[in-house]
Amino acid sequence: MSSNKVYVIGYGITKFGELYRQGPSSLAAQALTDAIVNSQVDKNQIQTAFFGSLVSSSNSQPSIGASCIRNCNLNIPITRIEAGNASGAAAFYQAYLSILSGVYECTAVIGVEKLSDYVQSGVIERILGSTIDYQWEYEMGATLTSLYAMLTKAHMKEFGTTLEQLASVPVKNHKNGVHNPQAQFRREIKIENFLKAKRISDPIGRFDPATYCDGAAVVILASSKYIEENSDISTQIPILGSGQASDSLALHHRDSLTTFSSSTKAATVAYIEAKLSPKDINFAEVHDSYPIGEILAIEDLGFFTKGEGNKATQEGLTELNAEISVNPSGGLKSRGDPFGATGVAQIVEIVEQMKGSTGQRQVSDNNYGLTQNVLGTGAMSYVNIFGKDEVKK
Amino acid sequence: MEPPKIWRERRERYLGIGNKCLDCNEKSFPRTDYCLKCSSKNIEEYKLSKTGKILQFTQVTQPAQEHIFYSPFIIGLIELDDGIQVTGQIVDYNYDDVKEGMKVRMTFRILSIDNEEGLIKYGYKFVPY
């Protein structure tokens, strides 16, 4: 990869939750304005913007970027990227490439989703149908939750994973999320509540999935050249490695139900580019939309051996400041999951942790952080690695 | 619901038709215009096995809009006797009695009905035997 590095120089994030008073473009504009202020750059220096969004809004305006840019009084080219639940990370990856290519020096990445408008039963399930094989899974009756239920059962069968081990994922994430002011659910939930809850798609209980909600998150990226010319910028977090990979859309075309090979492949690309190994990573923001998602993630990303993510989580090895802090933000589970915003919110968390500004959820070793964002049941995965002190080397 | 789409997919959904490569013998479902393995266009229609076994299954209690009428129902990952895997509903059976490895046969059923237009989408489901 080229010697030109890409840096995160600013960020902005809205509260995540049911934000009935705000539409999608107002959320995006709020986060973008905050990010511009945070980055201390003149807004006219931002040359282009990449929007990550799955559906954007109920007003059938997929070109959400256009109205957001107008709300921020900007006049720049925009690109909307769609990669389902991983749209935010996909937009980030394209922005990263746009700087590495040498075309742009300073770009914005905006992840946004507005889901609380869909109040009718079954609508979100239909939207999520586009993240699995619509024709041969969704139309046959499968939902994203039911496919994750089968992935959970496969892990339970192969590695003896228990419901208690699975429930320890959201228990831990809710514990972390208490200290995240942006999070939708800032309260701890006892393990008994997860275990006693009604099964919505056996063995997935009612409280297990992350909740879809509204929100927007933004990061501003800049090139090495831009950083040299503006050395007074206070946030300079370099992206050390970034990877994306795919797998078959339908579970029935997979060789294994106990791994997301897209995550493993994306991580391998990112580790090689960063010249790091999983052991070097101090903390990670991973896609815990269902408890099994985090267990698969910490195995597929190499933090734990395949089949041991279950025990590791139950034993507390992924808690804040344990062996590796996984989802210090509270993850999708506690923060809420506005699909397109999630991938960018994960990166915002990494940057805030590296700047030491996260208060009671601060990780003590904050040198190397990783994000993993997943589309559907692992049809696409995006992995990014950031390093705090790399800039000084 | 889009009638042209239902019409386009009728042979796959109604009859379980995939295709087989005459050069390398690779079978695939759904149909493609060329072999997924060797890219040959020398292919012919292939009828899926009517029977198979349940690899994995679960219950759907929060379905999408168009499937709410049938809720709750069982969805499973089925391996047909010819080795091809598909996703489909498991019907005419109690959830608690379904087991992994159970033998199933393909059956022709209603998948969903469009509330506004009354259009019916048919397709295969599976019955344990």
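This is a predicted model: local features need pLDDT of at least 70, side-chain atom pairs count only at pLDDT 80 or more; totals for chains, interfaces and linings use all residues.
**Exercises on a two-chain model**

In chain B, 48% of the contacts (contact means heavy atoms within 4.5 Å) with a separation of 6 or more come from residues 24 or more positions apart. Residues are numbered from 1 along each chain as its sequence is written, chains are lettered from A and ligands numbered from 1 in the order in which they are written, and side-chain values use heavy atoms, with hydrogens and water left out.

**Exercise 1.** Describe chain B from its elements to its surface.

Step 1. Chain B has two helices and eight strands (helices are DSSP runs of H or I with at least four residues, strands are runs of E with at least two, and both are numbered from the N terminus).

Step 2. Reading from the N terminus, you get α-α-β-β-β-β-β-β-β-β.

Step 3. Along its principal axes, the C-alpha trace of chain B spans about 45 × 40 × 20 Å.

Step 4. Of the 129 residues in chain B, 45% are buried (under 20% relative accessible area; exposed is over 50% and partly exposed lies in between, with a 1.4 Å probe and protein chains only).

Step 5. For charges, chain B carries 19 positive and 19 negative side chains, with the centres of the two sets 5 Å apart. Here Lys and Arg are positive, Asp and Glu negative, and His and the chain ends are not counted; each charge is placed at NZ of Lys, CZ of Arg, CG of Asp or CD of Glu.

**Exercise 2.** Work out why chain A counts as compact as a globular protein of its length.

Step 1. Start with the elements: chain A has 14 helices and 12 strands.

Step 2. The radius of gyration of chain A is 19 Å, close to the 21 Å from the globule rule for 393 residues, so chain A is as compact as a globular protein of that length. That radius is taken over C-alpha atoms, and the rule is 2.2 Å times the number of residues to the power 0.38.

Step 3. The C-alpha trace of chain A spans about 55 × 45 × 40 Å along its principal axes, and 65% of the 393 residues count as buried.

Step 4. Residues 24 or more positions apart supply 77% of chain A's contacts with a separation of 6 or more.

**Exercise 3.** Describe the contact between the chains.

Step 1. Chain A brings 30 residues to the contact and chain B brings 33.

Step 2. About 2700 Å² is buried between chain A and chain B, with 53% from carbon and sulfur atoms (the accessible area, 1.4 Å probe, that two parts lose on being put together, summed over both).

Step 3. On the chain A side, A:Trp136, A:Glu139 and A:Met140 lose the most area to chain B, together 28% of what that side buries.
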